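Dear colleague,

Please find below the structure that I am handing over to you. My notes on what was found in it follow directly after.

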Amino acid sequence: MKRIWWAAAVLLLLVAGCGVRPSGVTDGGRAPTGVAAGVTLYFVDARGALRPQPRRTGHLGTISEAMSLLLSAGPHESGLHTELPPNATTQVVVTTAPGLIRLMVPLSIHEVTPLGIDQIVCTALDVHVRSGGPRSTKVQIRFTLTTSESAKRRTCPLFR
């Protein structure tokens, strides 16, 4: 009789398992972005298309730092150029809100071409996304002179 009770107890334990019930697939969240060796700036090629150009800075840095590099340093690769004017004042004020990056640039709308605007937007969003921010974030560029262009919320044409 003891053998029957013993066998029943062992069978009950086998059927019960460890008490952990199976569950469905769970989302582990966004993948880590890792350590960046530098920042990516966006320039224009001979065909008028935006091209990313990595800069080895030792760290990803901030959007403000990336904007300073974009405005002060030209492309290092031949065949690329910038649509932004050379500017002695490279300080860009960056503020953020959920889903929005606001950049106050030291330029008037008359100094920047549409491709120049895309250079600014893509560079800012690249830093934001590589820092773990969502790709759906928009960029608003505030120019030195009040214009309706300052109200537009933009995305990088390469991030679609």
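Leaving out neighbours within four places in sequence, H128 is in contact (heavy atoms within 4.5 Å) with I63, I101, G133, P134 and T137. H128 is placed in helix α3, and with a relative accessible area of 18% it is buried. Here, buried means under 20% relative accessible area, exposed means over 50%, and partly exposed lies in between, with a 1.4 Å probe and protein chains only.

Please note that this is a predicted model, in which local features need pLDDT of at least 70 and side-chain atom pairs count only at pLDDT 80 or more, while totals for chains, interfaces and linings use all residues. Residues are numbered from 1 along each chain as its sequence is written, and side-chain values use heavy atoms, with hydrogens and water left out.

Overall fold

The chain has three helices and six strands, arranged along the sequence as α-β-β-α-β-β-β-α-β. Helices (H or I, at least four residues) and strands (E, at least two) are DSSP runs, numbered from the N terminus. Of the 160 residues in the chain, 37% are buried. Among contacts with a separation of 6 or more, 58% are between residues 24 or more positions apart. The chain exposes about 10,100 Å², of which carbon and sulfur atoms supply 60%; accessible areas come from the Shrake-Rupley method with a 1.4 Å probe, and for residues only the protein chains shown count as cover.

Helix α2

Helix α2 (residues 63–72) is mostly covered, as seven of its 10 residues are buried. These are I63, S64, A66, M67, S68, L70 and L71. The elements they pack against are β1 (38–45), β4 (93–97), β5 (100–104) and α3.

The disulfide

A search of the whole structure finds one disulfide, defined as a pair of cysteine sulfur atoms within 2.5 Å. It joins C122 to C156, with an S to S distance of 1.9 Å. C122 lies in helix α3 and C156 in the segment after β6 (138–142), so the pair ties together parts that are 34 residues apart in sequence. The torsion about the S-S bond of C122 and C156 is about 90°, and the disulfide is therefore right-handed. Both C122 and C156 are buried.

Salt bridges

The structure holds five salt bridges, each being a side-chain nitrogen of Lys or Arg within 4 Å of a carboxyl oxygen of Asp or Glu. In one of them, the side chains of R51 and D45 meet at 3.0 Å, N to O. R51 is partly exposed at 31% relative accessibility, whereas D45 is buried at 8%. A network of salt bridges links D45, R47 and R51.

A further salt bridge pairs R130 with D126, whose closest N and O atoms are 3.3 Å apart. What separates these two residues in helix α3 (residues 114–130)? R130 and D126 are about one helical turn apart, because they lie four residues from each other in that helix. An α-helix has 3.6 residues a turn, so residues three or four places apart point the same way. R130 is partly exposed, with a relative accessible area of 28%, and D126 is buried at 9%.

R154 forms a salt bridge with E149, with 2.8 Å between the closest N and O atoms. R154 is buried, its relative accessible area being 15%.

With kind regards
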